[in-house]
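Please look at the sequence and the structure shown here, and then follow the paragraphs below, which go from a pocket to ring pairs and then to charged side chains.

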Amino acid sequence: SSGINAEWPLRPGELGVRFHGALLDHLLTYQYSIAGALQLIQDIHQYKQTVHHFKEPFIDQLFDVMSKLCQLLIVEPHKLGEIWDQGCLAKIEHGFLVQFVKLRVDYRKSNIQSKLPAYSAHVRQ
């Protein structure tokens, strides 16, 4: 067969990176209630299981980070600081973490901005 896939096959790693990027861009266009965030976490878990079949550790890491980001959407506001600087989230740019937390529907109502760690306290490694 002489389809486009025969001429330009995507390697699993490249496909995984593109899928992750498209999914992340899509996620950033919504706001999330607790129920919506819980559904999102279930969906991300399914995506993680699917891309794990690519056997590309980097892709697994990308989806692990996405899963941790989604936890920011459900954790109680006063506990955000506890997970903000832990593990893979500690390596993410502060501004992006703030952007992600702003996707919460309770961001303003719960005064979440006042509960976020200060930029200077955010550790990047």
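On a 1 Å grid over the protein atoms alone, a pocket is an open set of points where a 1.4 Å probe fits, with protein on both sides within 12 Å along at least five of seven lines, whereas a cavity is a set from which the probe cannot get out, and lining residues have an atom within 4 Å of a point. Grid points are joined across faces, edges and corners, and a volume is the space filled by probe spheres set on the points. The model is predicted, so that local features need pLDDT of at least 70 and side-chain atom pairs count only at pLDDT 80 or more, while totals for chains, interfaces and linings use all residues. Residues are numbered from 1 along each chain as its sequence is written, and side-chain values use heavy atoms, with hydrogens and water left out.

The largest pocket has a volume of about 160 Å³, and its lining includes His20, Leu24, Phe58, Gln61, Ile92 and Phe96. Helices here are DSSP runs (H or I, at least four residues), numbered from the N terminus. Helix α4 gives the largest share of this lining, 6 residues, and both α2 and α4 supply at least two residues each. If Ala, Val, Leu, Ile, Met, Phe, Trp, Tyr, Cys and Pro count as nonpolar, Asp, Glu, Lys and Arg as charged, and the others, Gly among them, as polar, then the lining of the largest pocket has 8 nonpolar, 2 polar and no charged residues.

The aromatic rings come next. Rings of Phe, Tyr and Trp (its six-membered ring) pair if their centres lie within 6.5 Å, and planes under 30 degrees apart count as stacked, over 60 as edge-to-face and the rest as tilted. The structure holds 3 aromatic pairs. One of them joins phenylalanine 19 and tyrosine 47 edge-to-face, at 5.4 Å centre to centre and with 90° between the planes. This pair links distant parts of the chain, since phenylalanine 19 lies in helix α2 (residues 12-27) and tyrosine 47 in helix α3 (residues 34-52), 28 residues apart. Phenylalanine 19 also forms a stacked pair with phenylalanine 63, at 5.7 Å centre to centre and with 25° between the planes. Here, too, distant parts of the chain are linked, with phenylalanine 63 in helix α4 (residues 57-71), 44 residues from phenylalanine 19.

Phenylalanine 63 is buried at 0%, whereas phenylalanine 19 is partly exposed at 32% and tyrosine 47 is partly exposed at 30%.

Side chains of opposite charge can pair when their charged atoms come close. With a salt bridge taken as a side-chain nitrogen of Lys or Arg within 4 Å of a carboxyl oxygen of Asp or Glu, the count comes to 3 salt bridges. Arginine 18 and glutamate 14 meet in one of them, at 3.0 Å from N to O, and these residues are 4 apart in helix α2, which means that about one helical turn separates them. Lysine 48 forms a salt bridge with aspartate 64, with the closest N and O atoms 3.1 Å apart. Because lysine 48 lies in helix α3 and aspartate 64 in helix α4, this pair ties together parts that are 16 residues apart in sequence. Aspartate 106 forms a salt bridge with arginine 104, at 2.9 Å between the closest N and O atoms, and arginine 104 is buried, with a relative accessible area of 1%.

Conventions: Buried < 20%, exposed > 50% of the residue type's maximum accessible area, 1.4 Å probe, protein only.
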